[in-house]
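Dear colleague,

I am passing on to you the structure we spoke about, together with some notes on what turned up when I went through it. Please look at it first and then read on.

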Amino acid sequence: MAAGKKKTAPERWARSTCPYCGVGCGVEAGVKGGRIVSIRGDRSHPANFGKLCPKPAGLPEAVHHPDRLTHPLRRKPGGGFGRVSWDEALGEVAQKLGATIRDHGPDAAAFYVSGQLLTEDYYAAGKLARGYLGVANVDSNSRLCMSSAVAGYKGAFGSDGPPSSYADVGYAECIALWGSNTADCHPVTFGRILQRKRDPRVSVIVVDPRRTATAEIADVFLPIRPGTDLALANAMLRVVLDEGLVDERFVGRHTEGFEEAAEIAYEWTPRRAARVCGVEAEDIVEAARRFGEAKTAMALWTMGVNQSAQGTLKNRAIINLCLATGNVGKVGTGPFSLTGQPNAMGGREVGGLAHLLPGYRLIENEGDRREVEGAWGIEEGSIPSKPGLPAVESFRALGEGDVKFLWVAATNPAASMPDLNRVRKALADAPFLVVSDAYPTETTALADLVLPAAAWGEKAGAMTNSERRVSIVEKLVEPPGEARADWEIFAGVAREMGFGEAFGWGSSAEVYEEYRELTRGRFPDVTGISHERLRERPVQWPAPDRMDHEERPFHGIARSIWERDEEEHPGTPRLYVDKKFNTPSGKARFAPTPHDAGLAEETGTEFPLVLSTGRIKNQWHTMTRTGRSAKLTKGLSGPFVMLHPDAAGSSGVTDGEAARVVSERGSFVARAVVTDEMQAGTVFAPFHWGDLWTEGGSVNDATHDERDPVSLQPELKGAAVRVEPVGAEEATREERATAEALSAWDGS
Ligand SMILES: Nc1nc2c(c(=O)[nH]1)N[C@H]1C(S)=C(S)[C@@H](COP(=O)(O)OP(=O)(O)OC[C@H]3O[C@@H](n4cnc5c(=O)[nH]c(N)nc54)[C@H](O)[C@@H]3O)O[C@H]1N2
Ligand SMILES: Nc1nc2c(c(=O)[nH]1)N[C@H]1C(S)=C(S)[C@@H](COP(=O)(O)OP(=O)(O)OC[C@H]3O[C@@H](n4cnc5c(=O)[nH]c(N)nc54)[C@H](O)[C@@H]3O)O[C@H]1N2
Ligand code: SF4
Ligand SMILES: [Mo]
């Protein structure tokens, strides 16, 4: 072993869960002298069996980085920030929140939270806002990420909740990766797919406009034009219908709405879809056959599907394919939406979207509200009866002055929201903006008050991964300075406002105990889970603590797999094994999924290219942590934009040179990477570099916030842009000046 390594050899190893993506890998953290010094995979964790991608290796550097926020900071009248005490900070938040609600009503306040909060943090925020302040405006960055999947599952199965497990990958004969760059964004799951693919009978289909690292392993690669997924899915369904690949028994007994979906599918011959999608008709047929003929098939999808103005329908179209072929509720099957953030699932369970309450309850459902009010011991009618504003609407309302108090926690909207010029201005002009974060960010820079949050490794709590597996994140070291856990911060404000008794938890384990009671008999039942149990092993919900309800309101809470003399429910690897769904009829629902609109913003002569955006393997979102790790920034040379040689040619940009990407709303500068991995009409840029990391503007200056009508998720993958060499703007300005001068001469 190298001498350097010995020096940092840990004194002890402790189990925890990776704070990055929704794969939810178990890690072991090496601790020495009150610092986290090393990370390795936990071999006993069923999400990863010891494997890890590169990102968590950068955690020690990030967690102990000198940039960490250590004290509450207050904006000073003349500019800049000054240190204040927690008492002052919490007192001011309480005062501003109280005054806003008193003077302008509860709709003038909003909370924008995150799938990177722990379940307990989320719960505390929701309880304070909905229960004690009557504030409905609690939404999460999951709106930009998973809300189309939530709407898709709810529509098809009557309830949110991905039915499959990662283990199913090991039994699938066909795996369709749809709008997912699994290789870079869910690397450990991709590793499982690779392993499975060693079996020559197993085939992989990849649907992505870009030839990604994921596409490299495809048996059938469908590089469709952005926004044409519905045409493709309909044509695939038609092939399944025409070639007798429908699981008629399953469809007949356990589904409804098949005819209506089939009728739309019949409008899409493979040739017609091929023209719209820009792929070969033969490949569409091949993909449909492979999916339909396989004994077991899975569809895995992410942002290429969800971040769309038809995101909900695209989810339904993929679920249609699984339903038609009977690929639901069996080993090796399932429509499996992979979650992006580590606790995107927990946020859904705990009611972190503007239309939800804890335990998959709906805010607009009176019975649901009464149950939560009962559990919280508050008066009937305390919880607002209408859903709050979703993310984009919330920032628009802030800009228009309707929202006057905003609390942002564990997300960086000044870099990650679409149409940033509008969002940045709204944040800057906000009457009161409080931001809880662990690092200085583009958003904390605009805050009135910055609250230092304890980060990963400094607080304990639960997270749920894509396969519904709840794992524990451990407190391993003390937070720096005065940083506190988010749930404590929310509870602190609640106390200041006089609700101390309801927020008097002594630990996050106690918060979890309170939360889990709200899941009793509900679909995401975690009554059989406690922090203590999670320390032994992670558990997939539903995991009830007892089964004394004869009439359970939800199907899928498996009784059969639980031997009653066992003390604990073992957790539920697969939903809907009994083919009973949570719809009124108990049947799963097909949906007609017409492709009658493409991207929300059309390209034209001024903006001829589609800008698609996303991620790279070694960076995470707005780089607050991964950008502070030398391990992970090695070899990176700032923002880049990928474009096809033809697009480069017609735009006049050269490989390796700076280019400006311009939309109607704004622009950013990035190094041009000219590559035939792109199709001619599309350019791709990762959105990692915000204003703290680059001077030329960030990707979201160019994106737009048009959104899906049901999920209200914005279309982050399809802005109309042009690309030009840097310097072109100046040139155009000169040209314009010359033109003006010429017309002035004409007029004289
Ligand atoms: N390394 C890394 N991993 C991450 C993250 C990270 O920041 N870095 N973030 C995590 C989070 S929160 C998320 S949500 C996930 C995201 O995971 P992914 O969704 O896999 O990642 P993206 O790069 O956003 O987009 C995926 C693909 O969608 C394609 N796409 C664009 N438009 C379309 C379209 O119209 N149709 C189809 N079919 N595809 C299209 C893009 O070309 C891109 O390759 O990753 C998670 N994992
Ligand atoms: N153009 C474009 N834009 C996108 C996307 C895209 O594909 N394209 N994807 C969207 C998606 S899917 C997502 S999920 C979002 C992600 O967007 P963001 O949520 O804005 O991205 P992050 O950089 O992960 O921000 C998380 C913040 O939380 C802080 N943090 C970490 N741990 C804690 C904690 O325990 N407590 C507190 N209080 N703070 C903490 C981090 O320091 C960081 O500042 O971006 C969206 N925006
Ligand atoms: S795959 Fe996701 S959860 Fe696993 S180590 Fe990588 S970032 Fe962490
Ligand atoms: Mo995400």
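Please keep in mind throughout that this is a predicted model.

The rest of my notes concern empty space. Rolling a probe the size of a water molecule over the atoms shows where such space is left. Searching the whole structure in this way gives 6 cavities of 30 Å³ or more.

The largest cavity has a volume of about 660 Å³, and 40 residues line it, with Gln116, Gln341, Ala410, Trp620 and Arg625 lying nearest its centre. Two elements, helix H2 (59-63) and strand S23 (609-614), are the ones that give two or more residues to the lining of this largest cavity. That lining is made up of 21 nonpolar, 13 polar and 6 charged residues.

The second largest cavity holds about 570 Å³ of space and has a lining of 41 residues, of which Gly179, Met303, Gly304, Thr613 and Lys717 are nearest its centre. At least two lining residues come from each of helix H6 (182-185), helix H13 (303-306), strand S23 and strand S27 (682-686), and S23 provides the largest share, with 3 residues. By class, the lining of the second largest cavity comprises 14 nonpolar, 17 polar and 10 charged residues.

The last item is an open site, the second largest pocket, whose volume is about 360 Å³. Its lining consists of 23 residues, and those nearest the centre of the pocket are Arg225, Pro226, Val610, Gln679 and Thr682. The lining of this pocket contains 9 nonpolar, 8 polar and 6 charged residues.

With best wishes

How values were computed. Residues numbered from 1 in each chain as written. Chains lettered and ligands numbered in written order. Predicted model: local features only at pLDDT ≥ 70, side-chain atom pairs only at ≥ 80, totals over all residues. Heavy atoms only, no water. 1 Å grid on protein atoms, 1.4 Å probe; cavity = no way out; pocket = protein on both sides within 12 Å on 5 of 7 lines; lining within 4 Å. Points joined across faces, edges and corners; volume = space filled by probe spheres on them. Helix = DSSP H or I, 4+ residues; strand = E, 2+ residues; numbered from the N terminus. Nonpolar A, V, L, I, M, F, W, Y, C, P; charged D, E, K, R; others polar.
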